[in-house]
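Welcome! Have a look at the structure below, then try each exercise before you read its solution.

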Amino acid sequence: MVADFVFATAMYESGDWESASLLPANLIDSIARYTSLPVAPKGADVSLGTDQIFDYPFVWLTGHLPVRFTDAERKNLKKYVERGGFLMLDDHNHDMDGIFHKTAKEEVERLFGPMKTVPNNHTIYNCFFKFSDGPPATSHELNGWGDNLIHKELHAVMYGDRIGLLYSNKDYSSEWNFHPDTKRESTVDVTRFGVNMIVYALTR
Amino acid sequence: MPSPANKPVGAGASRALAMDFDSEEIQRSSVRSTVENVLRVVAVAALVLMIWIAFHALHRDVDARAEGAKIRQTLADWSTRETPKTGHVVFDSLPTPDLRDWLAALPFAGTKTSWEGATLKPSGLSVEPVADPTHPARIWVAAPAKSTVIIRDSAGLIDSVVARNGGAVVVTPHVNGAVQATVNGTTATAVMHDSLNVKPVLVLGIASWEAKFITTSLEEYGWKVDGQYGLSPRGGVVLGPPAPQIDTAHYSAVVAVDTSAIKHAGAIANFVKQGGGFIAVSDAASLPAFASLLPGTVGTTSRPTNFAVDTTHQRVALALSPLSQLKPDAVPVERRGDKVAVAARRVGMGRVLQVGYSDTWRWRMGGLNDAAVDFRGWWSAMVASVAYAPRSVLANTASVEPTPMASLVSILGPAEPKKASRGNPLDDPRFLPVLFAIMMTSFFLEWASRRLRGQP
Amino acid sequence: MTARERVRSTQRSLEFVVGSSAIFWGAAALFAGLVLVAVINRYIPMASAVRGTLPVLAVLAGLGLCGWMLWQGRFAWSFDKVALWIEERAPELRYALVTAIDPRYADSVATLMEPTVSRVDTGVFVRKAAQRTTLPALAALLVTSAIFFFAIPKNWLPKTSLNEAFSGLHTPRVIGNRLTPLSGTLTPPAYTHLRTQQLRNPSTISGYLGSQVVLTGHGEPDGIKVTLGVPNMPATELPVTAGEEGWRVAFTIKDTLGMLLKLTDRKYQQLIVVDPRIDQAPEARLLLPARDTTLRTITGSLTLSAEFTDDIGLGKATFTYIIANTGEGDAAQARLGTLGTRELGGTGGSFSLTIPYSSLGLKEGDQLSVRAVILDNNTLTGPDSGFSETRTIRIARKSEYDSLSINAAPPSADTAIMSLRMLIIATEKLDKQKAKLPRPEFVAQSQKLAGQSEIVRQKIQRILDEQTGGGEIAANPLLTTALNAMWEATRSLNIAETGEAIPQMYIALKALKQYSNEKKYFPRGQLKVPLVNIDRVRMTGTDTGTATPRLAWPAVPSGKDRLRMEYTQAISYIKAAPDSAIATFTVMRVEALKPFPKLAAALGEAVTAIQTGKDATMPLLQARRELDGKSISVDTLPPWSGIW
């Protein structure tokens, strides 16, 4: 049987990696709703500093606190992205002056150099659901929380056109951090962009 | 001898003395004369013998022999000065083509030839293209066991192997010009006679890590890849044409990753029979729909392990469903211990590989060192081993000698070991001057003795 | 004509004859001397100072002979002696001429002598004298001057100003290769405090960015061209000037890419690889705190200690901190700062300090992250920085007291790791003394370490037993690896094979560290996560997504295609034109220096082998493998042609 897709959350030593604990279940639910992909019903928490991380080519990493990777985490992150893994790094503070953004950006750019802006017509915005204006805004952005900005673009570590690490200031961790059953109450499923991320990771 | 007491006195005594003296003289003269006669006979005998030897040399059957480093010079002598009736050549290394052809031509000039070469070892060389977008070459060398095979081309040394069982095979990324393989001092040369037109590879599976990384790795290597990655009943991600035509006009090989390939089972079977290549991995390796094509059946899957430091073959860490009940014409290609991990089979004009590993992508992501490059190379080699690729003949005017020993036997006939003959002493050229010296000495002594006697 | 007039006339002629003879003989001697000097200079080695004086001596000889000849003929300038000279040649005069010119007898008998005097033709005597002296002198001059001008090459003459004065034709000197020998200096940038290196016939110039390179050679600078640039790109021509002993060129290593320095002197050429060394970033290692901690109360002090290294020189070391708190909401607040700074210097150093926690203004829920930061002293391109790992000290909230392990004892694996580290140090120390210690003593100490090794092995066994629940679940392969390795190490130490024990200990250490790392995370309470009922929700989404086609990815370029072609071409003429092959390999080496250092190294070895006449097969094979990739070989004839 084809191995199930397992939604993995990266554990790292320096921060509150588990701060969006409901997000995995929410996206697992979305994958099951819109695709026929075999998916594990529960996510996995995977240590970024161990070789475990390489068994999960899609990983979500978020937090509020400063990001200071250990040497092992740094080494693994570089290898992971270079070999074809997809890591989604989301600022749970939604604050460009915030400590998560500053430290996470420093860590990423120390490893990979300056990140590139993902053009709003990139494949990730139309590989399954169509987002013609680029990354969908979150309610935190719309409500003026955090840095009170609506970030029009995402940034990424890219190899040619391939995204290896996707960086977001838009706080999707807050946006999608709710019980999946709550979707029944909504007319628009805000997690659809998460489905795009997973479809992109699985097929590109 | 008269004693002084018996010495006659007077003229008679003188006469007696003279008579006595004359008889001694006569006796000496007689002995000397005999000696002279003997010398005369010896001289004449020596002369007769010399004449006989000269005639004998003119008519004898010369049994000439050439060995080792002197062969070329000896052949030159046979061709110009001596023209022996038969010539036997003992090779200590395989002759160059010109020497071999020269020897082959000698019978037409009146010298029957034979040869032997106990130290010569047979070898053979063949160079063929690999069905691979980067155009490597596969070099086959036939060589005796334990012999060292050194392979080079015009760009220098390629590799060396100690042949274990009948020869060696080397796959090298590039060859330039003619390839030479030297085995025990014998060098065979060959060139690639054709090139292959590689077509795209089709990957069939649902959107999964295995399908993704196989596709990505083959593309990174240089293959053109088409793919169908199922996502939902409404459709999936397509790479290439939305409805691929699975035939040898469009594809070199098809890789089936999981059960979603079942809808193409019929097309794949026909494709393989036409000459196409098929690889079944993970779930596809156990699909009943492909059973008639596959080499064996899949067993219980073992759990994957970590990619530990001490492992030389990283695939040891992959989950494996060992292949068993192999069909009689199946070839185990890769093993893990006593378990068959990959098996191959020819079906019709095509080739099939059944891969017992699951989630091979784990090697690319988590393997050690240059795992991504090694994974890419492995998958590409597997596809190349089954890929259908029509051949185009290359125009090649280089002179080659791929099987030097076989060519030697074919041109000169089989070897005929022959012992070198001891030789007749009369054939020894040093004998003539000795005879001449004996003759002249005898004549001189005879003449001197005669003259000193006062005889003419 | 009177007698006096006759004598005067004769005197004038004699003056000419004597003077011209002296001059001709002097000049002949001069030319003869110069010829001799030229021959001596050509065939007899001598000091240049001596050589320079020879032409002067020749001149002096000529002048001397001229002077002597004049002295010998000085009578011609005496009226009376001229008269006597005439009398000597015309005895029939019987001193009539001398009497006739004597002023005492001017008024009395002078006129009586005139008829006698007039009968003598003094011109004959003068002509004879000229034939005897002047003509031979003239002939000698003609001969010696002809020899000097036509038979002696002018470059035989040693250099003096006279040489130029006398040489009629300028014969050019043959100038050889001015690019050999080559010498020079490489002066690293000031901030490195490294010494200037001397260069002698370099094939590679390797120096830090900012290094000044000066190359010098013999001969005039005219006609020498020097360029510096990246291969296959336009190169910059460097000015070649006159130096103290020849020509000189200077440049600065500015680019991080490898460059080719090409020197050309007419048909001669030399290629030099310029390999820029990059100042590496410094490294920092945080020693204290040794691990992350959680504090119940904000008391006590924080001790920070770090060590730093750099390839050239350390600059400023700092400890930085971030104090963050998630607060009661969803956003974190943070403060950043530094905790002390020190200038280090040298290539290695350390920095420690202790600060009370109370000085940091910490409160419940705060997370203090500290790390060490080091700058190097690169003043040329700006200092590079190095960062240590971060240690985190959390201040527990009261609500977390029950769920947190506060300052818990280190896990068992850490204890085993510490013991193993000490054992490795002791074993390595003993191994180094193997040659010096008597065998019985060495064996005794090794067996003592075997005892300690056995203790470590038993510790690992206990950890394994704990992990497997006494065999209920499968053993962690890392622990199994560590256990097996320590078994081997103990066995080797028991038989005093310390060299075999050490690698096994390192295998065990690595496995234990990896195992220990897997255990390190911070479970901030076990949160309940919902389990998705996949079957219930499968394909129930109302929004329908449509997958878009995927585009093909391009092949990963090796970047070596052009290098491969150049290599193949160079190999094809390596025998016929080795200099061209060497030049091609040198250019390839420059191109490969940074992107493909192993290829560059192999090409460098190949060039050296070819230049020194050694066998270049192995370095060329290595270069080929770096370009093409390794070949795969099988030592049999397999039934399936696919091999990997």
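The exercises that follow work through a predicted model.

**Exercise 1. Describe the contact between chain B and chain A, from its size down to its residues.**

Step 1: Start with the residue counts. Chain B brings 26 residues into contact with 24 residues of chain A.

Step 2: Turn to area. The size of an interface is often expressed as the accessible area that is lost when the parts come together. Between chain B and chain A, about 2,100 Å² is buried, and carbon and sulfur atoms give 59% of it. On the side of chain B, the residues that lose the most area to chain A are B:W209, B:L231 and B:M365, which together make up 34% of what that side buries.

Step 3: Look for polar links. Nine residue pairs are in polar contact across the interface of chain B and chain A, both residues being at pLDDT 80 or more.

Step 4: Find the elements involved. In chain B, α4 (209–221), β13 (225–232), α6 (361–366) and α7 (371–386) each supply at least two residues of the side that touches chain A. The largest share of that side, six residues, comes from α6(B).

Step 5: Sort the residues by class. The side of chain B that touches chain A holds 13 nonpolar, six polar and seven charged residues.

**Exercise 2. Find salt bridges that link chains, and name the partners.**

Step 1: Side chains of opposite charge can pair when their charged atoms come close.

Step 2: Count over the whole structure. A search over all chains finds 41 salt bridges.

Step 3: Go to the interface of chain B and chain A, where one salt bridge is found. Its partners are B:R362 and A:D55, whose side chains meet at 2.8 Å, N to O.

Step 4: Move on to chain C. The side chains of C:R371 and A:E106 form a salt bridge at 3.0 Å, N to O. Since C:R371 belongs to strand β17 (residues 367–376) of chain C and A:E106 to helix α3 (residues 99–112) of chain A, this pair joins two chains.

**Exercise 3. Work out the strand order of the open sheet in chain A, and say which strands stand at its edges.**

Step 1: Read the order. Seven strands of chain A form the open sheet as β2-β1-β3-β4-β7-β6-β5, with mixed pairing.

Step 2: Check the ends. β2 (44–47) and β5 (116–117) of chain A each have a single partner strand, so one side of each is left without a neighbour in the sheet.

Step 3: Zoom in on one pair. Strand β1 (residues 8–11) of chain A runs parallel to β2(A), and four bridges pair them. Here A:T9 stands opposite A:D45 in β2(A).

**Exercise 4. Describe how domain 1 and domain 2 of chain B meet.**

Step 1: Domain 1 of chain B covers 124–195 + 394–405, and domain 2 covers 199–388.

Step 2: Five residues from domain 1 of chain B and six residues from domain 2 of chain B take part in the contact.

Step 3: Judge the area. The two domains of chain B bury about 440 Å² between them, 60% of it on carbon and sulfur atoms. B:A131, B:D132 and B:P133 supply 76% of the area that domain 1 of chain B buries against domain 2 of chain B.

Step 4: Check the links. Between these two domains of chain B there are zero salt bridges, but two residue pairs in polar contact.

Definitions and conventions
Residues numbered from 1 in each chain as written. Chains lettered and ligands numbered in written order. Predicted model: local features only at pLDDT ≥ 70, side-chain atom pairs only at ≥ 80, totals over all residues. Heavy atoms only, no water. Contact = heavy atoms within 4.5 Å. Buried area = accessible area lost by both parts, 1.4 Å probe. Salt bridge = Lys/Arg side-chain N within 4 Å of Asp/Glu carboxyl O. Polar contact = N/O pair within 3.5 Å; in protein donor to acceptor, adjacent residues only side chain to side chain. Nonpolar A, V, L, I, M, F, W, Y, C, P; charged D, E, K, R; others polar. Pairing = 2+ DSSP bridges. Domains from an automatic or database assignment.
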